[in-house]
Amino acid sequence: MTEMPSLPSHASVVVVGGGVMGCSTIFHLATSGVSDALLLERNKLTSGTTWHSAAQVRALRSTRNLTELIRYSIDLYGRLEAETGQATGWINKGSLSIATTPDRMVHVERQASLARLFDVRAEVISSDAALERWPLMNADDVLGAVWSPDDGRVSPSDLCAALVKGARSRGARVFEDTGVTGILTRDNRVVGVETDRGPVRCDAVALCTGLWSRDAAAMGGVGVPVWPCHHFYLLTRPIDGIVGNVPTLSDHDGHLYIRDDSGGLLVGCFEPFGKPIDPEILGSDFAFQLLPEDWDHFEPMMGNALHRLPALETAEVKMLLNGPESFTPDGSFLLGETAETRGLFLGCGMNSVGVATGGGAGMALAHAIRAGALPMDLHECDPNRFPACFNSAEVLAARVPEVLGKHYEITFPGRQWSTARNLTLLPAHALWCERGAHFGQVFGWERPLFFGKTEEPGLTFGRPDWHDRVAAEVDAAHNRVALFDQSTFGKIDVRGRDAATFLDRICTNRMNRSVGATIYTLMLNEAGGILSDLTAVRLAPDHFRLYVGTAAVRRDLAHLRRHVRSGDDVAVVDVTEDFAVFGVMGPGAAGLVDRLGGGRLTSLAYFRAASATLAGIDVVGARLSYVGEAGWELTVPTEGAAHLALAILEAGAQPAGLFAQTSMRIEKRFLAYGHDIDTDTTPYEAGLGFAVDEEKGFVGCAGLKALPEHRRTNRIITLVLDDPEAVPLGGEPVLADGKILGMTTSAAYGFRLGRAVALCTLRDPADQNGPSRVEIDIAGRLFGGTVVVGAAYDPKGSRMRSLKGQG
């Protein structure tokens, strides 16, 4: 028996897990010069999930950067054999996604528009053309399809062998049958791993641990909400009509994906509601085993498959494969460094796209480990985007079956999760229920989307069921007074003698201002990209309160704490759940606040804050607005929040939800993180240069100063559409003279304008020489509109302000 080589005592990076993500990560570390990287797999390479993956690789995703990850994978898988001498089994036969309902056809048309925007080859074709590409299918109910010729599939085991061979040739080492039993940390930073063969010191650990990621991350003090589900596909013996390789066929209305396999068929499904399985039931020795066949669970999908593929009636079944795959609470994977532990990186929770995304995701994770940041904005995959309430076994077991079921569901606007709800309630939640709120889940919170709910709204790509209700809420804010519950905002207190100096070092705007100052500012990464936008209120000489995005609080806390220097008299504390925030907005806001005893707030200048007592409750009122109407944001201790909200309603305010706020903020060109701005955006490209003071210096200032001129110019415009029936959603191409200029990033109906309005990011700077008229492509139809540089709605003057003076 060959003696196993000894583990090195030190490695720059230890990658844990030998599936496609781990193999890709160590390959990219090695190719980028980290020659002493180490991969540890407790069993054998590809064990767990990778080995039984159906391994489809489809390029088009919901964002450009997610799409680019898979396009990178496609390129890598096509060239690995030439680089390593190891075949990957890459087969490029394209993919065909059919539509059998009108809504799915709209979805297909939107996919094709998105593909054009992202420079992905895709074509909407007729049902007859689809049948020509897949003659074995029953196309009687097919309305059309989208054909993507560059898609394909790969052999997962061969792919991992090629990646590992390439990594080893550059010095990286791979150890199978070596389990990691602990993650060693000091001062919240990784210093090594403990294994069943001894310790290894290291500077970084990448957890690519698939099904077992939740337990693996817990060893490093991090909560990772990943949970497995059963995943099924049927394999048949050879059948007539399958010759060689054929395109992958997706029948999403039937919850199916279909391709050839050794002359027969592979028919997989993402059924409407999956079956979770506890990782403890799988056990630590689960490697190349499968779960028992479950024909009762698969039977409805089998019926769909027989409808789509009549040849299955006489096909001989080889097996019903049932293998576990891991899912996250929102269906997106986890990629990047954790907030709690420096040097601990995640590449897991792949939600059945591990092989497709693995090449690009491994590249991005290796870049993050080496350079300290991902190579592009991937906020959808931020490992810090979940609150702690999602890391419960009970919550995960309830949610992930729905996540699997939504894999092929149409992504209608306004779609909400139905499981694992009511995890975190607003202080005034009971009051909003009494007022008929329809809630959406945001970072675990239940937040009112609109009011006046009588039944569950229908979902559509057209004008939504809640249109009139939102119109009434906007009307209240515009003509009277509305109450918005903004309590989900993250709230971070920065205290100490050095608080102002510290924040000046981190934030782009000048922070050392008088007590009562309310400051809009940004935090940047080292390259000058926007990491966060926030509002800060100086409550005392040694006390600031920062209001950050709802889902940004873990990330922003970590960013702030990591920049506290030794000797700084600074404490950074999360106080999100200690306070509620209410926006009282509209022309009647001043009278209402005065009637409740807060008269001193009515004399505040904009961007100033002061303490007051309203309805017997102590508040801090800040004079600012996110909706383009005059008003205050009131911060109140949680215990008094419901009482104050009721008093405001009884004094004449109408409750308003998130949909009304979104419509109004788009009209006013107020940007939203993750939609209009992210780390790929500089402050100047977003028109936020007013919040930047380069003279004082701050984190990211050097990156800003090094930017080329074209990245120091605004690229965000507002578009007001001509057709009042147009329903843009965001993510649509913006064109002029048939040429794509950019894309919409936020869109809604503008009730104060009487037309749909969208914020758009252009590929080139927006200037006086740009077009005054453009079109957007909504599911293949072009809608014209007027370009506005600045806010489409100006409460102080004209209702529209355009680049060329129209309106």
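Let's start in the loop between β9 (180–186) and β10 (189–195), which is where Asp187 lies. The model you have here is a predicted one.

**Positive phi outside glycine**

- Asp187 is not a glycine, yet its phi is positive, at about 55°.
- With a relative accessible area of 73%, Asp187 counts as exposed because the cut-off for that class is over 50%.
- Ser352 is another non-glycine residue with a positive phi, here about 70°.
- The loop that holds Ser352 runs between β18 (344–348) and α9 (354–371).
- Ser352 has 25% relative accessibility, so it is classed as partly exposed.

**Helix α10**

- Helix α10 covers residues 393–405, 13 residues in total.
- From first C-alpha to last, α10 reaches 19 Å, close to the 18 Å expected at 1.5 Å a residue.
- Arg399 and Pro401 are both among the buried residues of α10, as are Val395, Leu396, Val400, Glu402, Val403, Leu404 and Gly405.
- What do the buried residues of α10 pack against? Their partners are the helix α6 (213–218) and the strands β12 (227–236), β16 (317–327) and β20 (438–442).

**His559 in helix α14**

- His559 sits in helix α14, which spans residues 553–562.
- Is His559 buried or exposed? Its relative accessibility is 12%, so His559 counts as buried.
- Setting aside neighbours within four places in sequence, His559 is in contact with Ile506, Met523, Leu524 and Leu531.
- Between the C-alpha atoms of His559 and Ala217 there are 20 Å, and the two residues are 342 apart along the chain.

**Cavities**

- Searching the whole structure turns up 2 cavities of 30 Å³ or more.
- The largest cavity holds about 70 Å³ of space.
- Which residues line the largest cavity? The lining is made by Thr535, Val537, Tyr547, Val581, Val620, Ala622, Leu624, Glu633 and Thr635.
- Strands β25 (530–540), β30 (617–622) and β31 (631–637) each contribute at least two residues to that lining.

Terms used
Residues numbered from 1 in each chain as written. Predicted model: local features only at pLDDT ≥ 70, side-chain atom pairs only at ≥ 80, totals over all residues. Heavy atoms only, no water. Helix = DSSP H or I, 4+ residues; strand = E, 2+ residues; numbered from the N terminus. Expected span 1.5 Å × (residues − 1). Buried < 20%, exposed > 50% of the residue type's maximum accessible area, 1.4 Å probe, protein only. Contact = heavy atoms within 4.5 Å. 1 Å grid on protein atoms, 1.4 Å probe; cavity = no way out; pocket = protein on both sides within 12 Å on 5 of 7 lines; lining within 4 Å. Points joined across faces, edges and corners; volume = space filled by probe spheres on them.
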